[in-house]
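Biologist: Please put the model up, and I will ask about individual residues before moving on to the helices.

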Amino acid sequence: MKNYSFIHIIELYHTYKGTGVQEKRDFYQHKSDYYQFFVKMILILASLASLSYLVSDYQLNGNTIMPTLIPRTSILIPMFLYAFLEPKVKNYRIKELLNYLLLNMIVFATIWSVYHLEIKTHFSEGATIMNLIFLICCLGASPCSGFVGYCAFFAQILISHQFNHYENLDVILSLNIPCFVAITVAHYLLNLGEFEHYLTARKLENALITDPLTTVYNRHRMNQLIKDNQLISDEAQISIIMLDIDFFKSVNDTYGHYAGDQVLHFLGTTLMREIPKNGTVIRFGGEEFIIILPGWAAEKAYEKAEQIRRKIASSEECPVKFHISAGVVAYNGNFQKSISAADHALYHAKETGRNRVFWDREF
């Protein structure tokens with residue numbers, strides 16, 4: 001069980017603030033994907049539950065519900081639209097927008113109904129209950145979205161006062177402003193807790209798909225990139241490089257396995273540094289690596305492989321001098337055949353002298 005303290009919360013806040021924009025987007029998408037089903041169900045149930053206020057309308061309006069029947073049932077239109085549109089969108093920002101729109105439509109339907117009530121003082125209780133739904137919505141939303149949603153809530157109260165003329169507006173505000181402050185603070189704290197869980201989950205996920213020695217991906221990551229023997233990519237051109245260390249066994253035999261580990265680590269970090277962000281480096285075997293380059297023509301991949309080969313051969317950073325051989329092919333839509341072709345190209349590079357790159361133009 002995690003023991004939180006004020007200092008830990010401050011440190012977590014600084015970690016969150018220092019996180020890049022894309023990482024934050026990934027976090028909020030992850031958060032939305034996890035909580036959205038529950039938020040959606042609560043919002044739909046809240047919309048349906050708001051119809052039950054026809055009973056209190058009947059009591060307050062002298063044994064009639066007719067004046068508030070249309071305002072109360074009007075929530076069904078945005079509720080059905082929400083239920084239709086929400087499953088069709090994936091982006092967390094749009095889902096947040098839909099959530100808070102429906103929530104504020106519940107508020108609007110309530111305010112419209114209050115307009116037709118003879119006694120309006122009980123709106124203070126109804127408005128306060130809305131804070132429970134705001135608390136639920138904050139689970140799957142960013143604090144910024146929650147703040148904007150709350151601003152819309154208070155704007156509706158203040159604007160509606162111009163024609164509803166609440167006799168107890170001060171009570172309505174005095175009840176809801178503390179709830180707003182408390183839920184907003186709770187939202188930020190919950191968000192930080194979720195962020196820490198997200199970072200922990202990412203570390204565990206990365207540990208499963210990352211080779212600890214070389215810092216590149218392992219075969220588990222390769223399996224994630226393949227479906228039905230095809231790479232999951234929208235790019236028309238993809239190139240594959242397969243490379244390994246020449247005479248690696250002699251490195252271990254001559255300098256020891258620790259030196260061999262240093263060579264593998266140096267090669268892995270070099271590849272990660274040299275390959276573009278959309279590329280993937282995978283440790284395929286002992287000293288064998290695969291590089292997948294989406295959007296790269298084979299000619300460009302060949303030039304990159306040759307650049308890496310020269311850099312490694314001339315480097316003075318690694319304690320043990322070594323060189324590599326590589327095979328390059330253009331991915332043809334069949335992953336296993338493309339890997340096999342890259343392996344043959346690598347074999348050709350080794351058979352023709354090693355410390356070279358061979359591009360199989362015929363594949």
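Biologist: Leaving aside neighbours within four places in sequence, which residues is Asn-332 in contact with?

Modeller: This is a predicted model, in which local features need pLDDT of at least 70 and side-chain atom pairs count only at pLDDT 80 or more, while totals for chains, interfaces and linings use all residues. Residues are numbered from 1 along each chain as its sequence is written, and side-chain values use heavy atoms, with hydrogens and water left out. Asn-332 sits in the loop between strand 6 (324-330) and helix 14 (335-351); helices (H or I, at least four residues) and strands (E, at least two) are DSSP runs numbered from the N terminus. With contact taken as heavy atoms within 4.5 Å, the partners of Asn-332 beyond four places in sequence are Ser-338 and Phe-363.

Biologist: What separates the C-alpha atoms of Asn-332 and Phe-363?

Modeller: Asn-332 is partly exposed, its relative accessible area being 44%; buried is under 20%, exposed over 50% and partly exposed in between, with a 1.4 Å probe and protein chains only. Asn-332 and Phe-363 are 31 residues apart along the chain, and their C-alpha atoms are separated by 8.1 Å.

Biologist: Is Cys-137 buried or exposed?

Modeller: Cys-137 belongs to helix 7 (residues 123-137). Beyond four places in sequence, its contacts are Val-39, Leu-43, Asn-99, Tyr-100 and Leu-103. Its relative accessibility is 2%, so Cys-137 counts as buried.

Biologist: How many Å apart in space are Cys-137 and Val-263, C-alpha to C-alpha?

Modeller: In sequence, Cys-137 and Val-263 are 126 residues apart. In space, C-alpha to C-alpha, the value is 51 Å.

Biologist: Where does His-165 lie?

Modeller: His-165 has a positive phi of about 50° although it is not a glycine. At 52% relative accessibility, His-165 counts as exposed. It lies in the loop between helix 8 (143-164) and helix 9.

Biologist: What do the buried residues of helix 1 pack against?

Modeller: In helix 1 (residues 6-17), the buried residues are His-8, Leu-12 and Tyr-16. Down the axis of helix 1 they fall within an arc of 80°, so they line one face. The face turned away from that buried side carries the exposed Phe-6, Ile-7 and His-14. The buried residues of helix 1 pack against helix 2 (21-49) and helix 9 (169-209).

Biologist: Are helix 2 and helix 9 roughly parallel or roughly perpendicular?

Modeller: Their axes, lines fitted to C-alpha atoms over the stretch in contact, with angles running from 0 to 180 degrees between N-to-C directions, are 10 Å apart and pack at about 100°. Residues meeting there include Phe-27 and Tyr-35 of helix 2 and Phe-195 and Arg-202 of helix 9. Angles under 35 degrees count as roughly parallel, over 145 as roughly antiparallel, 65 to 115 as roughly perpendicular and the rest as oblique. Helix 2 and helix 9 are therefore roughly perpendicular.

Biologist: Which residues of helix 6 make the contact with helix 4?

Modeller: The axes of helix 4 (residues 66-73) and helix 6 (residues 92-115) come within 8 Å and cross at roughly 170°. The two helices are therefore roughly antiparallel. Helix 4 contributes Thr-68, Ile-70, Pro-71 and Arg-72. From helix 6 come Ala-109, Thr-110, Trp-112 and Ser-113.

Biologist: What covers the buried residues of helix 5?

Modeller: Pro-78, Met-79 and Tyr-82 are buried in helix 5 (residues 76-85). They cover an arc of only 105° around the axis, which puts them on the same side of helix 5. The face turned away from the buried side carries the exposed Ile-77 and Phe-80. The cover of the buried residues includes helix 2 and helix 6.

Note on methods
Expected span 1.5 Å × (residues − 1). Arc of directions from axis to C-beta.
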